[in-house]
Amino acid sequence: MSGTRNRTRTIPDVMVGTRGEVPRWATEMARDRVAAALGLAPEPVLFARVRLEVSPDPAVARRATCQVNADVNGRLVRVQVAAAGLRESIDLAHDRLRGRLERIGRNWEAVRGARPKPGPNEWRHGAEPAHRPDYYPRPAAEREIVRHKAYALERQSVDEAVFDMDMMDYDFSLFTDVATGQDSVVYRSGDGYRLAQAEPPAERADPVAVPLTVSPQPAARLDEAEAIERLEMSGQPFVFFVDRATGRGRVLYHRYDGHYGLIVPVA
């Protein structure tokens with residue numbers, strides 16, 4: 001008798017939304033490919049949604065975007081990739097989703113105190129191309145903050161923040177560092193990750209599993225107008241700063257529609 005147990009997972013209907021000129025074959029392909037990837041999930045999939053979008057701007061090099069959001073037994077997983085065409089973007093999203101699900105299947109507890117053991121297909125930063133959607137080239141005079149996200153920051157270790165960031169396929173994660181109590185942001189940098197904090201301590205004593213560098217500089221204290229100016233001057237996708245009025249860390253970032261988004265912690 002084989003020691004392998006056969007498990008049957010019930011995959012919910014994968015909802016597909018579209019924006020722009022998306023043909024029917026693409027919606028069917030996305031539904032089938034995402035469902036196939038979710039069939040490998042180690043836990044029940046409670047919800048799955050795909051968004052396909054084709055930019056009307058011919059100047060955008062990667063016009064086709066495929067975004068997948070899924071709830072795997074209470075753990076949210078998000079994937080977003082862009083490519084020149086819909087078929088490529090769907091294939092890339094399928095591959096990346098499989099990688100996310102493989103990581104969930106391994107023991108996350110290992111990263112809380114030590115470096116996780118790599119599996120045969122362990123993802124490492126730098127092994128997977130970003131394929132981020134291109135920004136819409138909106139004139140600077142027309143840009144404004146069109147989205148505010150306000151929520152209570154989770155108290156996490158750096159490893160936990162990195163894991164959540166990767167699962168959600170974000171460029172950065174704003175959180176409260178459990179080791180220092182500081183509002184902090186972690187983001188990808190080179191072949192590892194970098195941490196910036198409101199008031200970083202001189203040294204860190206807590207063990208960190210991921211390859212990490214730490215900015216020794218405290219976050220700049222700015223208002224929203226100053227944060228926008230710094231973001232535009234830096235040429236970076238986001239800026240982490242401390243709000244002058246509240247003393248809390250915030251992140252201002254470029255949205256793909258050419259406007260800005262602002263993440264604001266609440267007490």
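Modeller: Helices (H or I, at least four residues) and strands (E, at least two) are DSSP runs, numbered from the N terminus. This is a predicted model, where local features need pLDDT of at least 70, side-chain atom pairs count only at pLDDT 80 or more, and totals for chains, interfaces and linings use all residues. Residues are numbered from 1 along each chain as its sequence is written, and side-chain values use heavy atoms, with hydrogens and water left out.

Colleague: Where is His 259 placed?

Modeller: His 259 sits in the loop between strand E13 (249-254) and strand E14 (260-265).

Colleague: Why is His 259 called buried?

Modeller: Buried means under 20% relative accessible area, exposed over 50%, partly exposed in between (1.4 Å probe, protein chains only). His 259 has 11%, so it is buried.

Colleague: What does the side chain of His 259 reach?

Modeller: The backbone nitrogen of Glu 144, at 3.2 Å. A polar contact is a pair of N or O atoms within 3.5 Å; within protein, one must be able to donate a hydrogen and the other to accept it, and residues adjacent in sequence count only if both atoms are side-chain atoms.

Colleague: Which residues of H2 meet H4?

Modeller: Arg 100, Arg 103 and Ile 104 in H2 meet Phe 163, Asp 166 and Met 167 in H4. Contact means heavy atoms within 4.5 Å.

Colleague: What caps the N-terminal end of helix H5 (residues 224-234)?

Modeller: Asp 223 does, with a side-chain oxygen 3.2 Å from the backbone nitrogen of Ala 225.
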